[in-house]
Amino acid sequence: MLQCLSKETLSMLTIATITDKARKTLQDTPNIFQIALIPVLISVSVQLFSSTRQSILEVYLSQDGSNLHFSYLLSSILFPIFYGLLMSLLYLSITWALFKGIKQGANEYRVSSSLAIFQYEHFKKIFFTFILKRILLFLWGLIFYIGLVCFLGSIIYLSSFLLSQGSVTEVQIPYDILSVTGMLFFIGFLLMIIGLIIYLPQIYAYSQVETVLFDQLTTNDYRNPLSTVKYSRNLMKGYKRKRFLLDLHFIGWFLLSTITFGIVGIYVLPYYHAAQIHFYIALLEDQHYSFSAKQI
């Protein structure tokens with residue numbers, strides 16, 4: 001009996017099983033694609049706006065764009081932050097809608113479902129938990145980010161020097177510049193590797209924060225953001241590789257979405273987030289059966 005139970009448990013968390021369940025969710029609910037419409041429209045609009053803005057900026061700079069530098073720099077920093085925050089919250093809303101549909105059977109998907117989280121009574125709890133997760137992940141990834149800055153900085157500095165010298169083929173790079181950029185390149189690359197080794201497992205340790213949070217809110221088990229984050233870490237012990245493989249399965253879909261300027265996201269977003277919900281459900285069932293097997 002114990003052997004049969006073990007085999008059943010292992011089958012619950014296969015990537016093929018999870019993706020099959022996610023596709024079945026899409027097939028059984030035709031109007032599910034409506035929940036991705038607003039995020040996709042915003043993404044496409046921002047890409048069009050960015051390309052148009054860049055073209056206008058180049059025209060101004062070719063004339064006299066000295067007064068645009070500070071405002072352009074400020075908007076270049078603030079806009080991606082605001083856009084990233086908005087899209088993250090919209091994706092959270094998609095996850096919330098799918099969570100209610102898959103785990104609770106509330107299959108009422110509308111275009112406005114991707115905005116539902118902003119009207120949810122527990123929005124503050126969701127927002128603060130989301131911010132805490134982002135801060136913790138940033139701290140875990142600090143070594144990687146420092147390495148990335150050093151790595152890119154060395155390349156940009158050396159490229160700027162070569163471009164300022166005119167013909168690249170005739171330029172002799174001074175030893176002091178070459179040694180500094182070489183050292184930054186090596187240190188940056190080394191820190192990126194070390195940082196990635198530290199950072200990547202933490203990304204997947206926190207990967208269940210949102211679904212755990214939604215589960216806790218619906219069952220009135222929510223205490224505070226930190227306890228939700230800790231619960232996700234404990235839940236993912238021994239399952240990070242599985243979660244990584246699930247993301248790896250969607251690499252092709254993400255590339256296709258990028259090539260089509262995000263339009264394919266109408267299908268990919270519900271599919272990907274549905275797979276996340278099914279992964280969470282399978283994870284709970286797997287741990288439940290594992291605990292039952294130990295009791296036997």
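Me: What is the relative accessible area of F118, and how do I read it?
Reply: Read it against the cut-offs: buried is under 20% relative accessible area, exposed is over 50%, and partly exposed is in between (1.4 Å probe, protein chains only). F118 has 33%, so it is partly exposed. This is a predicted model, in which local features need pLDDT of at least 70 and side-chain atom pairs count only at pLDDT 80 or more, while totals for chains, interfaces and linings use all residues. Numbering starts from 1 along each chain as its sequence is written, and side-chain values use heavy atoms, without hydrogens and water.

Me: Which kind of aromatic pair do F118 and F123 form?
Reply: A pair of aromatic rings is described by the distance of the centres and the angle of the planes. Rings of Phe, Tyr and Trp (its six-membered ring) pair if their centres lie within 6.5 Å; planes under 30 degrees apart are stacked, over 60 edge-to-face, and the rest tilted. The structure holds 22 such pairs. F118 and F123 form a tilted one, at 5.7 Å centre to centre with 40° between the planes.

Me: Which residues form an aromatic cluster?
Reply: One cluster is made of F33, F250, W253, F254, Y267, Y271 and Y272.

Me: Which residues of helix 10 are buried, and where do they sit around the axis?
Reply: An α-helix has 3.6 residues a turn, so residues three or four places apart point the same way. Helices are DSSP runs of H or I, at least four residues, and strands are runs of E, at least two, numbered from the N terminus. In helix 10 (residues 240-249), R243, L246 and D247 are buried. They lie on the same side of the helix because they cover an arc of only 95° around its axis. That arc uses the directions from the helix axis to the C-beta atoms.

Me: Which ring does R243 lie over?
Reply: The test needs NZ of Lys or CZ of Arg within 6 Å of the ring centre and within 35 degrees of the ring normal. R243 lies over the face of F279, at 5.9 Å from the ring centre.

Me: Is E210 buried or exposed, and what does it touch?
Reply: E210 lies in helix 8 (residues 209-218). Its relative accessible area is 16%, so E210 is buried. Contact means heavy atoms within 4.5 Å. E210 touches L92 and K133, not counting residues up to four places away in sequence.

Me: How many helices and strands does the protein have?
Reply: The protein has 12 helices and 0 strands. Buried residues make up 38% of its 296 residues.
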